[in-house]
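Please read them beside the coordinates.

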Amino acid sequence: MRYIIIISATFLATAVQAFCFVDYKAKQDDPLKLHYGVMELTDQQCSFEEAQKVVTQRLLLQGWTLLNLLSVSASNPTPQQKANAGENFLRY
Amino acid sequence: MKISSATETRKTTRLIIFGGLVVIIGILTVTGAWLLWTLPDANAFNVRVEQIFVRNDALTSQNEINLLEILAQSGTAFSDTLASYRMVIFVLMLMATALLVAALAFLGMLLLLNRRMAKIESSGIQVSSLLISRDENLVILNNMEFQLTPAAIETFSVLAEARMDGDVLSGAELEAMIVGKSTADCDEAAGATRIKRLRDSLGNQMVSALLIKNIARRGYVLAIDKDVIEMI
């Protein structure tokens, strides 16, 4: 019985705190620097337009310009995406 | 185009040359400006690399991104070289302009000279200087000396003075000026006789100097180029 409560509690917690992941491309000028990265967004920001706004904001704070969003998905990033993003995986 | 006088010829020639100069300078200025404007700047390469990066969704691995960055950097380095090329090209264009302008100006001068030469050749004798020495009874025409009688020198001087004033003299007026009487008292024929004597004396010497030469102790020869003589 206790087990069930704990499991349901964690289930509830993850259900409320849902995440989605976006992978994007960004650049810096003079000299030109490019990067590919993956970002974690909260549930409310998971529509494409909203995600674009948030990603642009977050990158701008770090001095990067967003080029484009590749995908927005609720599932966890694939190992391939993780490897490609490298140090930019969930960095910003 | 019908050209009716020498001054008009010179005017049209000058107009053509001036137009040519303006056209040359105009064309080269436009080309130079176009050159400076359209040569790609440093950013052009970066923009291309960025486009490649954005368009290919698969280009996400770190190695590929590094390669793209290197590509952009080498492009930027090349664009620095382009800037120096631009200067070189610009200097060459300036020199080309100067040379073309000079060539056109010389061409114009050559044309004018040719026309003048043709005129001189057809008119026989072109007087470029005339010096009258009354003391020695000498007339020096283009560095050729002609010895005249005092009466002929007098006639020549009066004609020269009238020419300087832009006047035309009748025979009677000529005689009046030389003798010092009023025109009404002078005979037209007397003036005409003076002119005839001057023509005879001066013409004779001029022909002997220009056309029929006397070589001392050898004889006479035509002072003409062999090639221009034709018999009909």
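Predicted model: local features only at pLDDT ≥ 70, side-chain atom pairs only at ≥ 80, totals over all residues.

1. Start with the contacts inside chain A.

2. Next, the make-up of chain A. The chain has three helices and three strands. From the N terminus, the elements run α-β-β-α-β-α. Of the 92 residues in chain A, 25% are buried.

3. One residue of chain A deserves a look: Leu66(A). This leucine lies in strand E3 of chain A, which spans residues 65-73. Burial would need 20 or more, and exposure 12 or fewer.

4. What does Leu66(A) touch, leaving aside its neighbours within four places in sequence? Its contacts are Tyr24(A), Ala26(A), Val55(A), Thr56(A) and Leu59(A). Tyr24(A) and Ala26(A) fall within the range of strand E1 (19-28) of chain A. Leu34(A) is 32 residues from Leu66(A) in sequence. In space, the C-alpha atoms of Leu66(A) and Leu34(A) are 10.0 Å apart.

5. Now the interface. Contacts link 13 residues of chain A with 15 residues of chain B. On the chain A side, the elements giving two or more residues are strand E1 (19-28), strand E2 (33-42) and E3. E2(A) provides the largest share of that side, with four residues. By type, the chain A side divides into six nonpolar, four polar and three charged residues.

6. Chain B has its own layout. It contains six helices and five strands. Along the sequence, the pattern reads α-α-α-β-β-β-α-α-α-β-β. Buried residues account for 11% of the 232 residues in chain B. Among chain B contacts with a separation of 6 or more, 46% involve residues 24 or more positions apart.

7. Check the helix pair in chain B. Helix H4 (residues 150-165) and helix H5 (residues 171-179) of chain B pack at an angle of about 115 degrees, with their axes 10 Å apart. H4(B) is therefore roughly perpendicular to H5(B). The crossing of H4(B) and H5(B) is right-handed.

8. Which residues make that helix contact? H4(B) supplies Glu154(B), Thr155(B) and Val158(B). H5(B) supplies Leu174(B), Met177(B) and Ile178(B). The residues of this contact divide into four nonpolar, one polar and one charged.

9. Most residues other than glycine have a negative phi. Asn142(B) is not a glycine, yet has a positive phi of about 45 degrees. Asn142(B) sits in the loop between strand E2 (138-141) and strand E3 (144-147) of chain B. Asn142(B) counts as partly exposed because it has 13 C-beta neighbours inside 10 Å.

10. The second case is Arg217(B). Its phi is also positive, about 60 degrees, although Arg217(B) is not a glycine. Where does Arg217(B) lie? Its place is the loop between strand E4 (212-215) and strand E5 (219-222) of chain B. Arg217(B) has 5 C-beta neighbours inside 10 Å, so it counts as exposed.

Conventions. Residues numbered from 1 in each chain as written. Chains lettered and ligands numbered in written order. Contact = placed C-beta atoms within 7 Å. Nonpolar A, V, L, I, M, F, W, Y, C, P; charged D, E, K, R; others polar. Axes fitted to C-alpha atoms, helices over the stretch in contact; angles between N-to-C directions. Parallel < 35°, antiparallel > 145°, perpendicular 65-115°, else oblique. Left-handed = near helix turned anticlockwise from the far one by under 90°.
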